[in-house]
Protein chains: 2
Amino acid sequence: MARPSNSRFFSAHGDIPRGAFAKVTDSDIAHFRSVCSGVLTDADEVAPFNSDWLNKYHGHSSVVLRPKTTQEVSDILKYCNDRRLAVVPQGGNTGLVGGSVPVHDEVILSTGNMNVIESFDDVSGIVVCQSGYMMPLDLGAKGTCQIGGNASTNAGGLRLLRYGSLHGSILGIEAVLADGTIVDCLSTMRKDNTGYDLKQLFIGSEGTLGVITKLSVLTPPRPASINVALVGCNSFDAVQKTYVAARRHLGEILSAVEFMDRASLDMVLRSQSTLVDPLETACPFYVLLETAGSRADHDMDKLDAYLAHVLESGDVVDGTVAQDAHQARKLFGIREDITLALSATGYVYKYDVSVPMDAYYTIVEDTRNHLKAFDDVQVVGYGHLGDGNMHLNISTPTYNSQVMAAIEPFVFEWTAARRGSISAEHGIGTHKPAFLHLSKAKNAINMMHQMKALYDPRGILNPYKVLPNVHQD
Amino acid sequence: MARPSNSRFFSAHGDIPRGAFAKVTDSDIAHFRSVCSGVLTDADEVAPFNSDWLNKYHGHSSVVLRPKTTQEVSDILKYCNDRRLAVVPQGGNTGLVGGSVPVHDEVILSTGNMNVIESFDDVSGIVVCQSGYMMPLDLGAKGTCQIGGNASTNAGGLRLLRYGSLHGSILGIEAVLADGTIVDCLSTMRKDNTGYDLKQLFIGSEGTLGVITKLSVLTPPRPASINVALVGCNSFDAVQKTYVAARRHLGEILSAVEFMDRASLDMVLRSQSTLVDPLETACPFYVLLETAGSRADHDMDKLDAYLAHVLESGDVVDGTVAQDAHQARKLFGIREDITLALSATGYVYKYDVSVPMDAYYTIVEDTRNHLKAFDDVQVVGYGHLGDGNMHLNISTPTYNSQVMAAIEPFVFEWTAARRGSISAEHGIGTHKPAFLHLSKAKNAINMMHQMKALYDPRGILNPYKVLPNVHQD
């Protein structure tokens, strides 16, 4: 992916004091070379690992470790724990909340060389692989993200609606704890009720409780038939009705229901000179629907009946159905290109909330209204409608601290007031620990602290991330 | 359900020494009456709570508490923790491994009165309810089991194949820890990546880490069209091919793939004099298939094409398709009645394993062979074929300790040697802690002990269950 070049001067990590960790010495490097097959210390080689792909979060690490085996990961962590060297685990580094980027000089533990597929069972569809591999789940970051990062951040994406969350589809995990202990919960069985489901601890804890080294995943069969349709609506009420009708008419073949507003589409159209407006009628709201099924004739029959219904009801005012795979990719591409189109407009303040369906677009309107006193502010809304997951994005030509102060905690408090989630899928990273209490009860945050202290007592794993107010000293 | 009357003399809990817990006094009862709306102490009223529905596990509790609110649960646990009174949480008490039955004189905390549905969202299908309610998941125990027990045991059942595990479909949990702390993780959002996914701790830990008081669950829409077919095969190889073909032809509408051998069917036929053999041809193996879809015409079309394929290939030698809902229930009923038919034959040794597909029926054959020296032993195999989950059941007219010694650890070691799970869905309870190491790595069991010590330091919650070798003293 192309990296936007704006905002090099600013790290979105903010002003987080360095913990009392040891600093990497030459003798540490020498030790790393003795236990790890890939050690990068050349500044040019290390640089890409010190920033995220949007070039928003920046760290100052001097070393990247690229182990190939679980034993190497174990040896590295045991040594770092004994020396009290902080470690940031990093997969494809496609996150949006700074979780995989060093804050200070943490050792970067990259899983990029952990790319062995151990087995694939074509009766059950169960794959066992190392963590540095790609995932049978559809994300904007596909092609770059890694399965270990997907698991540790509980990545959601475009098809969660159909296939559910990784808490359900990951069957087993092998992970290494902070002290180097290897924990083998690499079950390949769909059902395994033998004691606590420890693998769940590592799913979504953003590398703060352990480093995932291997996984087994239940992969759905590739569908024989895929259809994509884009429809336009004149009101958000019509959008909701369009979604409910899709659930009823498309039922078990519905595989994605995505949303974008006109401002999002305009941004993509402006960023790609060869792209034309996909519908003849300009609408304030668009819904992108995907079906995936085993019989093309049945699927098209269902889709036709659905489109006839929503056009007749007037909820949809214009629409198009992709005629082949190329057109389908193109329609989906518009939705996926919003992130890059946004980056091209300047500095982007990214929010990723879950809200009740009736408040899904209200957060965009209220934020626009809240920021109307500022010039040069663009507010767009798009996301995974079927999951209640809104990506609220605000952009200014360059970073503007007054705009930032107007957005936060406004957006988080708005969401909390409706019992939504301040992080639907992007996670907490360094961006949101201070606001975690808005989505998580006090007793639950206490339980998180207790668990962190239990499994990483020296706090070396991905410090400064996820947990609020835990500064090592 | 009718309770079989055999084996009253024997408690399958085995010989577990009582921990150094306090004993319930009159003043404790008086306190319980002051904080809990339902307190049973009459021996006749308490008796049903002291045994499981198969009358296999027996405890000696003198009091049942039936709270109505989370605050009551919290007050009860805080008091029991301070007094060091052991507590066994109990839902519908339909478990098969003794997990919900007292071992000694534990206080029984029954969730039967926690039966309020707090909300249901008909756009998203998300229900929020108290724990003592029924579950939108299909189990043999439906009608009796409760949603809190389903969650705390991670119940699987007949439609896991389609809807996945409860780790994926439970969106939020409110639970009370041993010291009375109420933890509110009752998210109603499909996506919520705000810190550690603590609710997962309570799913499948069998009441040893906390008592679940409320849940939110994503419920699938009721399908418009359901079809059920029963087919017979002459070899297990043909069964496997029949399953693979079902995945290909029925794809997204496949909702259950169940298996039973001829011995299982014979047992049901013998137990119900009015029941006739559902197929004309007697076969050694049967596969029960269910489809659930949104369009009856499409579903029947897919099912016809599938059945034509498996009959033509010769993998299926006879079959029947239910013509209406009544016939469908009847076909499904045969599979579901195996458990009761088994109970009627005498004492039943129940095993519930996950094994790789090619070993799925071999465990039944090998067990039969292993036990051939004993008279009056019946070995049957049935289960959730689509999940690799085999219910291996052995019965003798009365409990026979020599047969038991020949079965355990044979069955567990056989399973472990193939990296299967010694408990696919039934859990560990008091039945399997001693064998947990066969399915769980040593470091993982250590993590379980650490977690138990962290969240229940006085060990009052469901003692003697799940964790190996932790006797309070």
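A:Pro409 sits in the loop that links α14 (401-407) to α15 (410-417) of chain A. The model is predicted. In it, 86 residues of chain B are in contact with 86 residues of chain A, and the area buried between the two chains is about 6700 Å².

**Backbone features in loops**

- In chain B, B:Pro409 lies in the loop between α14 (401-407) and α15 (410-417).
- The bond from B:Glu408 to B:Pro409 is cis, and its omega is near 10°.
- A:Glu206 has a positive phi, near 55°, although the residue is not a glycine.
- A:Glu206 is found in the loop between α7 (199-202) and β9 (211-218) of chain A.

**The four-stranded sheet of chain B**

- An open sheet of four strands in chain B has the order β1-β2-β4-β3, with mixed pairing.
- Its edges are β1 (39-40) and β3 (87-90) of chain B, each of which pairs on one side only.
- β1(B) runs antiparallel to β2 (residues 64-65) of chain B, and two bridges join them.
- Within this pairing, B:Val39 stands opposite B:Leu65 of β2(B).
- Helix α3 (residues 70-83) of chain B lies across β2, β3 and β4 (107-110) of chain B, and its direction makes an angle of about 165° with β4(B).

**A hairpin in chain A**

- Strands β5 (residues 117-121) and β6 (residues 126-130) of chain A are antiparallel and pair over four bridges.
- A:Ser119 has A:Val128, in β6(A), as its bridge partner.
- Four residues lie between the strands of this hairpin, where A:Gly125 takes a positive phi near 75°.

**Interface between chain B and chain A: area**

- The size of an interface is often given as the accessible area lost when the parts come together.
- Carbon and sulfur atoms give 56% of the area of about 6700 Å² buried between chain B and chain A.
- On the chain B side, B:Lys191, B:Asn193 and B:Tyr196 lose the most area to chain A, and together they account for 15% of what that side buries.

**Interface between chain B and chain A: contacts and composition**

- Between chain B and chain A there are eight salt bridges.
- B:Asp184 and A:Arg419 form a salt bridge, with their closest N and O atoms 3.7 Å apart.
- Polar contacts across the interface of chain B and chain A involve 48 residue pairs, with both residues at pLDDT 80 or more.
- Elements of chain B that give two or more residues to the side touching chain A include β8 (182-185), α8 (236-250), α10 (296-313) and α16 (442-455).
- α16(B) supplies the largest share of that side, nine residues.
- By class, the side of chain B that touches chain A consists of 35 nonpolar, 33 polar and 18 charged residues.

**Salt bridges over the whole structure**

- Side chains of opposite charge can pair when their charged atoms come close.
- Over all chains, the structure holds 34 salt bridges.
- A:Asp82 and A:Lys78 are joined by a salt bridge, at 3.0 Å from N to O.
- Both A:Asp82 and A:Lys78 belong to helix α3 (residues 70-83) of chain A, where they are four residues apart, about one turn of the helix.

Note on methods
Residues numbered from 1 in each chain as written. Chains lettered and ligands numbered in written order. Predicted model: local features only at pLDDT ≥ 70, side-chain atom pairs only at ≥ 80, totals over all residues. Heavy atoms only, no water. Pairing = 2+ DSSP bridges. Contact = heavy atoms within 4.5 Å. Axes fitted to C-alpha atoms, helices over the stretch in contact; angles between N-to-C directions. Buried area = accessible area lost by both parts, 1.4 Å probe. Salt bridge = Lys/Arg side-chain N within 4 Å of Asp/Glu carboxyl O. Polar contact = N/O pair within 3.5 Å; in protein donor to acceptor, adjacent residues only side chain to side chain. Nonpolar A, V, L, I, M, F, W, Y, C, P; charged D, E, K, R; others polar.
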